[in-house]
Amino acid sequence: MSTQPAIELKNITKRFGAKVIANKNVNLTAYRGEILSILGENGSGKTTLMNMISGIYFPDEGQIFIDGNEAVITSPKDAFSYRIGMIHQHFKLVEVFSAAENIVLGIDEGKYNLKNSTAEIKKISEQYGFDLDVNKKIYSMSVSEKQTVEIIKVLYRGADILILDEPTAVLTPQETQKLFAILRRMRDDGKCIIIITHKLHEVLSLSDRVSVLRKGEYVGTVNTAETSENELTEMMVGKKISLNIQRDEPKNAEDRLVVNKLTCVDRAGTTVLDDVSFTAKSGEILGIAGIAGSGQRELLEAIAGLQHLSSGEIYYFDPKTGEKENLKDKTPMQIRNMGVRLSFVPEDRLGMGLVGNMDIVDNMMLRSYRKGHSAFLERKKPKDLAMKIIHDLEVVTPSASTPVRRLSGGNVQKVLVGREIAASPTVLMVAYPVRGLDINSSYTIYNLLNEQKEKGVAIVFVGEDLDVLVELCDRIMVIGSGKINGIVDGRTATKEEIGLLMTKSKQEGAEDANE
Amino acid sequence: MSNAKEIKISREPLLKVVKRDDMPPLKAWLVRFGTLAISFIIIGLFSMAISGKSFGETYEIMFMGVFGRIFEGKLTMLWKYLQEVAMLLALALALTPAFKMKFWNCGAEGQALMGGLAAMICMIELGDILSYPVLIAVIAVTSILAGAVWGLIPAIFKAFFNTNETLFTLMMNYIATQIIAYYLYIKGGGSNVINPVSAGNFPTVGTNEYFVNITVVTVITVIMFIYLKYSKQGYEISVVGESQNTARYIGINVKKVIIRTMAISGALCGVTGMLLVAGKDHSINANLVGGEGFTAILMSWLGQFNPFIMAVMIAIITFIEIGVAKVADTALLNSSFSSIIVGIVILMLVGCEFFIHYSVKFRHNKKEVEA
């Protein structure tokens, strides 16, 4: 490892619009001959930061130094002239071209001579141990092969600072291992490798140093050899704190929603939900834990009538009549017309739960505007409801006629949750309800959920923060790759136990990659 | 910094464009009206240069060209002007519900032609058979249906097969034009021209032969405003346009809304075609709408999908168009001059939106200054 930093970031700040600060005063240093991990949760600003090095964004403030000299990188082309190459999460390749054609594409090296280039590519492949058929067309390649093409592409352009954005997200454990071996070889060759990830075990097994970002801010850098999984987690999510969320014993719990052998296949033919069965009871909070994208969204959407089921049943037990109704293959309208009081706070608040360009009053009407026989809208009640929610939940807004996209994340969520609760549901499904919210807003949401629980509502809570799940939920169901890996008691379960269940199906592979 | 001398020449861009969404509406309107004021000055200067008259005189020519001797009680020119405004406004209004739904209906031209054709056929074939009130009713119904069908075809394909509505509606225009050409070939004898038909014409009120047209469009303007803002259907249109995911989430049948809205859009275009045939030309040719179906797209946008703002914008643009044509006339220039000026004004108005939605920042100051 040399003493001269290959790349140095000083006080980098990047804003999107007036409100969103993706990076704030980030300082970062990477040396040649090392692998640096950039670690952070979803939305912590990792990719934005790297995009500024590779010329996709330009920083609002701060400086970038390459080999000690200030660099101004305004385009990917500039980045290449500084020998920086980035391998994006989503590949940027021409499907009908061969590997070699994709690699030389866009380079001006005088005469186009694919034969010479191919020889050069083969040399690079052998040097680092890539396994690639240069004449193979991209469309017939596996994901891992495509990634190889992307890596060789930047190497061919002479990059010696390589940035990889979540390279293992799409790879099998074996492929991951292979990639890591190659990356280590490149490091030994004196290249500077920066890898973006949120997987701790990869960080520990691969990198020399780790820089941690949290909510766009730089937390610190540690040497991998001197750190532990616990320390990194703490840096990533902040100090572990006891949340002291109120949790009462469920009263008169009875079956409200019974999901039986639910299977769901998406358009691409992937099974996103696989034989899922569980029961949600009244007066109880059922937590759903799992790695992002394990089928949580599909599960809630299936219950809400937004996903087509391949097989399985969803039964709803009416609390008044005790009748059993099957919600399978019903549209949201039909479900409501059946008298099922199902409220749903989706993960995508402004893209699904609310309409960003409409004001709070009009967003209140989304659920109720059809009421009555008049052809015209009735805005009096929604307006009263809007004022009530603004008052009760302390929504910070200039007025009830402000477009919701102008509100902060916490206030947007209060508006959405407030509306869904106002419909006095018997089943309330919430997906990541406190994501991006500050502490106070988060507690407002927890209290609202507890109030509903008190009223006998069956609550399904999809969360990502295990600390919250083990303190709030009565039972926790763990989902992994569309399968239920287990259901545990929220009062006795530990974070470790849930973490283990979350990675159950992938456990073997993950350990392989660790070696 | 230690090695400050080695710093390369900065290539940081001089100007940076940053998105913003926080400009208060009042300020945004000030920007728009400021732009309009500037464009009026530019028009004046251009016209001065061409006509060799003073600024004041130029605007006098324009005013006279548009409104005539209005202060002496002669309103003929005013009615003509309002008729022009009304037709463009009717088409812009017809497009607006579709646009609010983010369905890019570029087929106003064809939909209006089909409506006009329906009116024409009724006037020719049924003029001698039906009594006047019945004839007018039949004309109205058939025109609305014809326009609606022309709008429904692309909507159904969009709803069920997700075809691109922009291309689809554009192509439907050409089919409509060809159908008109064929009809002229059948009915026009050797000349491919249909002489004005006297049956089924809208009545003249006083000296105003466009009274019906202007009144109908005024009523449509008010109804459209209410429909979009206060009706449940208008609300559904907004939700589908803003986010189909939200629409699905709250149980709106997106296909149904697309089809219903395009039926309305097409029907209103059909009405415009009828107004042009029964209320103005009393005949038909492929140039009946004269490209206004495309100008209307711009006008709907310039009016921010608000019928009243649209009316004001169209009144201004039409004033410029007719007025400048008059100036060009006195300077013995052809009518293209007017088109050029209108183009410039529209470009400026569209361009000013950029400054409303983005702010331009100059290169930020270096934190470290070289010695």
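Residues are numbered from 1 along each chain as its sequence is written, and chains are lettered from A and ligands numbered from 1 in the order in which they are written. Because the model is predicted, local features need pLDDT of at least 70 and side-chain atom pairs count only at pLDDT 80 or more, while totals for chains, interfaces and linings use all residues.

Trainee: What is the mean pLDDT of chain A?

Mentor: pLDDT is the predictor's confidence in each residue, from 0 to 100. In chain A, 94% of the residues reach 70 or more. The mean pLDDT of chain A is 85.

Trainee: Over which residues of chain A does pLDDT stay under 50?

Mentor: Where pLDDT is low, the predicted coordinates should not be read in detail. Two residues are in contact if their C-beta atoms, placed from the backbone, lie within 7 Å. The model has 14 contacts beyond four places in sequence for the stretch in question, which is residues 506–515 of chain A.

Trainee: Which elements cover the buried residues of α15(A)?

Mentor: A residue is buried if 20 or more other C-beta atoms lie within 10 Å of its own, exposed if 12 or fewer, and partly exposed in between, with C-beta atoms placed from the backbone. Helix α15 of chain A spans residues 439–454, and its buried residues include I445(A), Y446(A), L448(A) and L449(A). The cover includes β13 (284–289), α14 (409–422), β17 (427–431), β18 (458–462) and α16 (466–472) of chain A.

Trainee: Is K261(A) buried or exposed?

Mentor: K261(A) is placed in strand β11 (residues 255–265) of chain A. Its phi is near 50 degrees, a positive value in a residue other than glycine. Most residues other than glycine have a negative phi. With 11 other C-beta atoms within 10 Å, K261(A) is exposed.

Trainee: What is the phi of D329(A)?

Mentor: D329(A) sits in the loop between β15 (324–326) and α10 of chain A. D329(A) is exposed, because 10 other C-beta atoms lie within 10 Å. Its phi is positive, although the residue is not glycine, and is near 55 degrees.

Trainee: With which residues is L93(A) in contact, leaving aside its neighbours within four places in sequence?

Mentor: L93(A) lies in the loop between β6 (84–87) and α3 (99–104) of chain A. It has 19 other C-beta atoms within 10 Å, so L93(A) is partly exposed. Its contacts beyond those neighbours are N102(A), I138(A), K146(A) and V149(A).

Trainee: How many residues of α4(B) are buried?

Mentor: Chain B has 13 helices and two strands, and 39% of its 371 residues count as buried. Helix α4 of chain B covers residues 108–126 and reaches 26 Å from its first C-alpha to its last. It is largely enclosed by the rest of the structure, because the buried residues number 15 of the 19.

Trainee: How are α7(B) and α12(B) oriented to each other?

Mentor: Axes are lines fitted to C-alpha atoms, for helices over the stretch in contact, and angles run from 0 to 180 degrees between N-to-C directions. The axes of α7 (residues 211–230) and α12 (residues 307–330) of chain B come within 8 Å and cross at roughly 140 degrees. Angles under 35 degrees count as roughly parallel, over 145 as roughly antiparallel, 65 to 115 as roughly perpendicular and the rest as oblique. Therefore α7(B) and α12(B) are oblique.

Trainee: Which residues of α12(B) meet α7(B)?

Mentor: The residues of this contact divide into five nonpolar, one polar and no charged. From α7(B) come T221(B), M224(B) and F225(B), and they meet P307(B), F308(B) and A311(B) in α12(B).

Methods:
Helices (H or I, at least four residues) and strands (E, at least two) are DSSP runs, numbered from the N terminus. The expected span of a helix is 1.5 Å times one less than its number of residues. Ala, Val, Leu, Ile, Met, Phe, Trp, Tyr, Cys and Pro count as nonpolar, Asp, Glu, Lys and Arg as charged, and the others, Gly among them, as polar.
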